[in-house]
Amino acid sequence: MILPKEITSKFTEHAKNIINLVGEREKKVEKITLLDWLVLIMKEEGSLGAHILKNFKITKESLEDEIVRLRMNPAMVGDERWTLEEIIVKAAMVAKEQKSGYVGTEHFLFAIMLAKSRVLGEFLATQKINADETKRSTKSILDNANKFPDAAKILNIIMNQKNDLPQGGMMAPGALPMP
């Protein structure tokens, strides 16, 4: 899906990647569920949304297993269908409400958590995850990110660089790694 630049200019790179991935997945499956969205957010390594989901102990494997189970029994999904446009609009509304200067994966995640979805509710319950607590925690993270506007950017930088660090940890600028 191609979105106008005036819309995507406010999206983080991670959010733009998710939009592209969802668009690709929509071409392959009849119905895209909120669980599909969560898998794609988790696959966006280094994003704040992926970090939040990992903190809730949600794994890509558990989500993918549930999606396979749903696809085997389409009646379980029923009429639950969330279009790319619906989630983008909800995420943009969340970002605006939070007075964010951008839309990121964390806004997608919160928009998904706000959706009334039997499938998502059942998945969270099977994972022993309290849906209301998940919403509160995600909202708290959003609120704090807005108090410190660069916090999300800093967290993303730290998380992305953490994977690039030598096993010994951080190095002083200009220092050479130990053999």
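Contact here means heavy atoms within 4.5 Å. Keep that cut-off in mind for the whole tour.

This is a predicted model, in which local features need pLDDT of at least 70, side-chain atom pairs count only at pLDDT 80 or more, and totals for chains, interfaces and linings use all residues. Residues are numbered from 1 along each chain as its sequence is written, and side-chain values use heavy atoms, with hydrogens and water left out.

**Stop 1: Glu-44**

Select Glu-44. It sits in the loop between α3 (34-43) and α4 (48-55). Helices are DSSP runs (H or I, at least four residues), numbered from the N terminus.

Which residues does Glu-44 contact, leaving aside neighbours within four places in sequence? Show His-14, Asn-17, Ile-18, Leu-21 and Ala-50.

Now look for a charged partner. Glu-44 is buried but has no salt bridge. Buried means under 20% relative accessible area, exposed over 50%, and partly exposed in between (1.4 Å probe, protein chains only). A salt bridge is a side-chain nitrogen of Lys or Arg within 4 Å of a carboxyl oxygen of Asp or Glu. The nearest side chain of opposite charge is Lys-60, 10 Å away. For that search, Lys and Arg count as positive and Asp and Glu as negative, while His and the chain ends are not counted.

**Stop 2: Ala-50**

Ala-50 counts as buried, at 1% relative accessibility. Not counting residues up to four places away in sequence, Ala-50 touches Ile-41, Met-42, Glu-44 and Thr-105.

**Stop 3: Thr-105**

Go on to Thr-105, which lies in helix α8. At 1% relative accessibility, Thr-105 is buried. Its touching residues, beyond four places in sequence, include Thr-12, His-14, Ala-15, Ile-18 and Ile-41. Ser-47, Leu-48, Gly-49 and Ala-50 are also among them.

Zoom in on Gly-49. The side chain of Thr-105 reaches the backbone nitrogen of Gly-49 at 2.8 Å. A polar contact is a pair of N or O atoms within 3.5 Å; within protein, one must be able to donate a hydrogen and the other to accept it, and residues adjacent in sequence count only if both atoms are side-chain atoms. Then pick Leu-38. Leu-38 and Thr-105 are 67 residues apart in sequence, yet 9.8 Å apart in space, C-alpha to C-alpha.

**Stop 4: helix α3**

Colour α3 next. How many of its 10 residues are buried? The count is 9 of the 10, so α3 is largely enclosed by the rest of the structure. The buried ones include Leu-34, Asp-36, Trp-37 and Met-42. Now show the cover. It includes α2, α4, α5, α7 (84-97), α8 and α9 (118-126).

Finish at the N-terminal end of α3. Thr-33 caps it, with a side-chain oxygen 3.2 Å from the backbone nitrogen of Leu-35.

**Stop 5: the aromatic rings**

Show Phe-11, Trp-37 and Phe-108, which ring pairs link into a cluster. Rings of Phe, Tyr and Trp (its six-membered ring) pair if their centres lie within 6.5 Å; planes under 30 degrees apart count as stacked, over 60 as edge-to-face and the rest as tilted. The count comes to 2 aromatic pairs. One of them joins Phe-11 and Phe-108: it is tilted, at 6.2 Å centre to centre and 45° between the planes. This pair links distant parts of the chain, 97 residues apart. Phe-11 is in the loop between α1 (5-8) and α2 (13-28), and Phe-108 is in helix α8 (residues 105-114). Phe-11 is buried at 7% relative accessibility, and Phe-108 is buried at 0%.

**Stop 6: the salt bridges**

The model has 6 salt bridges. Three are shown here.

- Select Lys-16 and Glu-13: their side chains meet at 3.4 Å, N to O. Both lie in helix α2, 3 residues apart, about one turn. Lys-16 is partly exposed at 25%, whereas Glu-13 is exposed at 53%.
- Select Glu-66 and Arg-69: the bridge is 2.6 Å, N to O. Glu-66 is buried at 10%, and Arg-69 is partly exposed at 37%.
- Select Glu-45 and Lys-54: the bridge is 3.0 Å, N to O. Shared partners join Glu-45, Lys-54 and Lys-60 into one network.

Technical notes:
Helix = DSSP H or I, 4+ residues; strand = E, 2+ residues; numbered from the N terminus.
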